[in-house]
Amino acid sequence: MIVDHSYKVSAFGNFENILPTSENMMYFLEAFDCCKMVPSVATEGAFNVKTQQQLVTQRLSFISNDSRERVVIASGRIDYEVNATDDIKLDVSQRESLNKKILFVFKTIFERFDIQSSRLALNPSSIITNLTDDEYMQIMKKYHNPISIYTPTDLSEWGTRLLVCKDIVINGKTEVLNVITQIDLEIAQKAEAGVLKEDHVFVVTLDINTSQNNRNIRFSAVELEEFISQANSIWDKIIDEVG
């Protein structure tokens with residue numbers, strides 16, 4: 001069984017001047033009422049090398065009514081993060097609904113402050129759980145370690161990291177994506193008939209991001225929509241092949 005664990009969309013740029021002023025708080029309180037998100041304040045720390053002191057600034061953030069979704073506007077990035085509380089795999093309609101909400105929030109922020117982004121990223125994570133012994137061995141054989149002492153049946157910890165660069169087209173322009181997949185074996189405990197039993201689970205974490213070599217400010221909400229669509233297709237393909 002594949003379970004969606006977390007989902008984060010990020011835009012990078014210079015957002016230092018976006019602060020939790022009373023004017024901004026009131027604006028977004030009204031603007032995000034339709035998606036049940038309220039403005040809040042987050043803190044951001046930075047170390048000043050000259051003074052050798054830790055500086056803390058207040059940043060604008062938003063949180064959903066159920067606390068599962070949070071947006072933080074830091075000085076160098078905007079993150080929209082969703083943490084799952086249910087053991088479910090989002091279906092197509094649920095994913096589309098979530099992405100529409102994310103795009104609405106980013107579009108509203110971009111237009112409010114007349115800004116764009118220099119880089120984009122999608123960071124989802126999924127858990128493959130409730131595996132039979134045969135299913136577990138089938139996954140392990142795909143990535144079997146050739147060192148003889150590390151046999152799939154004896155491993156209590158294992159991980160592999162893969163990185164490839166891939167060209168995609170966003171709004172008619174070629175962009176280079178870094179596609180990073182981290183697969184980790186973890187031993188989880190679950191209760192069956194009042195007894196704790198160990199269960200092998202695979203945590204699959206992805207980092208799909210536009211190349212850091214191009215820092216030009218060029219991504220609006222239009223480009224973000226195209227990026228999310230293509231990054232989601234890559235995520236689906238990877239999860240299908242891992243599991």
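This is a predicted model: local features need pLDDT of at least 70, side-chain atom pairs count only at pLDDT 80 or more; totals for chains, interfaces and linings use all residues.
**Briefing: a helix pair and selected residues**

Residues are numbered from 1 along each chain as its sequence is written, and side-chain values use heavy atoms, leaving out hydrogens and water.

**Loop residues with positive phi**

- Asp114 is found in the loop between α2 and β6 (119–128). Helices (H or I, at least four residues) and strands (E, at least two) are DSSP runs, numbered from the N terminus.
- Asp114 is not a glycine, yet has a positive phi of about 50°.
- Asn130 is not a glycine either, and its phi is positive at about 55°.
- The loop between β6 and α3 holds Asn130.
- Asn130 is partly exposed, with a relative accessible area of 42%. Partly exposed lies between buried (under 20%) and exposed (over 50%).

- Helix α4 (residues 221–242) has 22 residues and should span 32 Å at 1.5 Å a residue. The expected span is 1.5 Å times one less than the number of residues. The end C-alpha atoms of α4 are 31 Å apart, which agrees.
- Buried residues of α4 include Leu224, Phe227, Ile228, Trp235 and Val242.
- Two packed helices are described by the angle between their axes and the distance between the axes.
- The axes of α2 (residues 92–113) and α4 come within 10 Å and cross at roughly 150°. Axes are lines fitted to C-alpha atoms, for helices over the stretch in contact, and angles run from 0 to 180 degrees between N-to-C directions.
- That makes α2 roughly antiparallel to α4, a term for angles over 145 degrees.
- On the α2 side, the contact (heavy atoms within 4.5 Å) includes Arg95, Ile102, Phe106 and Phe110. On the α4 side, Leu224, Ile228, Trp235 and Asp236 are among the residues involved.

**Asp4 in strand β1**

- Asp4 lies in β1 (residues 2–12).
- Asp4 is buried, with a relative accessible area of 7%.

**Tyr150**

- Tyr150 sits in the loop between α3 (133–142) and β7 (158–170).
- Tyr150 is partly exposed, at 42% relative accessible area.
- Not counting residues up to four places away in sequence, Tyr150 touches His144, Asn145 and Leu155.
- Tyr150 and Ile217 are 67 residues apart in sequence and 47 Å apart in space, C-alpha to C-alpha.

Conventions
Buried means under 20% relative accessible area, exposed over 50%, partly exposed in between (1.4 Å probe, protein chains only). Angles under 35 degrees count as roughly parallel, over 145 as roughly antiparallel, 65 to 115 as roughly perpendicular and the rest as oblique.
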